[in-house]
Amino acid sequence: MRHPFLASVTLALCLSASASVQAAAERVGDFALLDHTGTFHQLSYLSDHQAVVLVVHGNNSDAIGKHLEDLEALRQKYADQPVAFLMLNPVAADDRDAIGAAAQAADINFPILHDETQLVAESLDVSRIGEVLVINPQSMTLAHRGNTGDLAATDVAINALTQGQVPSATAVATGAVATGNGAQIVYAAAEQHAAQAPSYSQDIAPILEKHCVQCHHDGGIGPWSMNSHAMVQGWSAMIREVLMTQRMPPGQIDTHASKELLQVAGLSPAEMQQVVHWIDAGAPGDAQPDPLAGLQFADSKFSFGEPDLIYTIPAQEIPATGVIDYRYVPVELNLDRDVWVRAMEFIPGDPEVLHHVIAYVSSPADKTVRGRATGAAQGESVGGFAPGRPGDEFRDNSGRLIRKGSNLLLQMHYTTSGKATVDETEIGIYIYDEPPTYVMSGGVAGQRRFLVPPFAKEYRLEGVQEIERDAYLYDLMPHMHYRGKYMSYTAEYPDGTSELLLSVPKYNFNWQFNYPLKEPVFLPAGTRLVARGAMDNSAQNPFNPDPSKPVHFGLQTKHEMFFGFTTLRYVGDTPAAVQAEREAKDVASR
């Protein structure tokens, strides 16, 4: 039996065919949001689709519940065509847990984007639950505005886009039709800021100082300096765009699912509302002194103060173009005693070409590090560098041992920048005066055997680290290359329970962060740390060198890696115990 909703479509299509006036293109700004399951969605990523249907959702709303069957029928009609169906929940009272519970109870299978700042709904001029928007993602324009009570009109607009046509002017409705058929959405923050605009000096500048200026200052790694209101105002459109698409601040995680971290990238919903509403009002200044103009930054290049030991690696000449094999650069430490490292930091000589460094300890008995060719060197790693990654600092009076007579062997990965250069990276090592209480170790949940097919949008991978002894987990660091899409870490405990520890829903190869947990997580012996993620080898991935080629594991960035690195402390690993074990190994090797 034909669905009654679809039976009404034929008449609507005939009526629309007679319309001769074409709709004026209403631009839609790009945005990115997580859905109720923690999956990342970005409008511009759907540019390979012909239409995006966005239904305004609210928990337990009749405007959704009464028409859910019709919505599903419409989605099934276009199941074999490049049409994306999403819901958008901007209701302030509906948090993500509640959205997920309501979706499960109502058997809603649509991704529901959680617009907790309400900024996406504001930008789309949404007023009520039940509104339906059809967007042309190729031109980023609005093709239709209607409601769940008139899905036949929505179908007309979708059909036109799938036929490569522009919907008629009657399809882009305003006024009464745009009000939808559900409860009105209250924009409390927008109303508050319309009545009293955020102050640059009192509200905006402190937010920028907290989240942005650390990189965006004279001499910082940001491409421009936030050193005055004039500069911020001049770049305000760009600031708005990178906030709305979650490109900045970098390193954002799914805070609703992850364990609490020492530092969390990203503005709070209230901060986002203040900054975007201020920009939308013209980014005005005020008569107060400019807080950004007087900011001072430490002269020291090292984050932890002056190191106890500083080494400069031998100068590395980097050509303008080409692929550079991994280099293994020895660094003579000239240590006359055993030292316990409390922190280590690398300062790249030329950050444009230095992709990463891994520092391995070569022991007095073995000056080599095995496994170079596979990228799985067998020496003990004591630190490293990657874009966006701060220096390694070991917490809770813990450290790593470098024995007298040992040296460092640096695995250095360079990429060319279009001009020849010389890199002289510096290493700062901070040491304890006395041995620490605990010994810190490292590990990895990774996968090396895989082949990502051409044009695959989501090729899933999984790696496991087996925890053989009781341990405390401190840090998590996902590592992939250009096709990395997302990664999460889950602890699967011996009692059968599991816990999601970290979710990075939109991985960015240019910012490889180490994520320190605010409180270390106890992992009993027998725990499995599972890293789950995916590769995006499609043309929609703007960083992808060539989507037409399959991709396998390899050392170069044109290849791929899937590693979930960890920093942890095994119970019972004290300096005395580790020293005794090493001495026993030395005796056995003689």
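This is a predicted model: local features need pLDDT of at least 70, side-chain atom pairs count only at pLDDT 80 or more; totals for chains, interfaces and linings use all residues.

Trainee: Which residues are buried in helix H9?

Mentor: In H9 (residues 200–211), Tyr200, Ser201, Ile204, Ala205, Ile207, Leu208 and His211 are buried. Buried means under 20% relative accessible area, with a 1.4 Å probe and protein chains only. Helices are DSSP runs of H or I with at least four residues, strands are runs of E with at least two, and both are numbered from the N terminus.

Trainee: What covers those buried residues of H9?

Mentor: The cover includes helix H10 (229–234) and helix H12 (269–280).

Trainee: How do H9 and H12 cross?

Mentor: Their axes come within 10 Å and cross at roughly 120°. That makes H9 oblique to H12. Axes are lines fitted to C-alpha atoms, for helices over the stretch in contact, and angles run from 0 to 180 degrees between N-to-C directions. Under 35 degrees counts as roughly parallel, over 145 as roughly antiparallel, 65 to 115 as roughly perpendicular and the rest as oblique.

Trainee: And which residues make the contact?

Mentor: H9 brings Tyr200, Asp203, Ile204, Ile207, Lys210 and His211, while H12 brings Glu271, Gln274, Val275 and Trp278. Contact means heavy atoms within 4.5 Å.

Trainee: New topic: how do H4 and H7 pack?

Mentor: Helix H4 (residues 68–77) and helix H7 (residues 151–162) pack at about 15°, with axes 11 Å apart, so H4 and H7 are roughly parallel to each other. Asp70, Leu71, Leu74 and Lys77 in H4 meet Leu151, Thr154, Asp155 and Ile158 in H7.

Trainee: Now His479: buried or exposed?

Mentor: His479 counts as buried because its relative accessibility is 5%. His479 lies in strand S24 (residues 471–479), and its side chain makes a 2.5 Å polar contact with that of Gln512. A polar contact is a pair of N or O atoms within 3.5 Å; within protein, one must be able to donate a hydrogen and the other to accept it, and residues adjacent in sequence count only if both atoms are side-chain atoms.

Trainee: Where is Ser503?

Mentor: Ser503 is in strand S26 (residues 498–504), and Ser503 is buried at 10% relative accessible area.

Technical notes
Residues are numbered from 1 along each chain as its sequence is written. Side-chain values use heavy atoms; hydrogens and water are left out. Buried means under 20% relative accessible area, exposed over 50%, partly exposed in between (1.4 Å probe, protein chains only).
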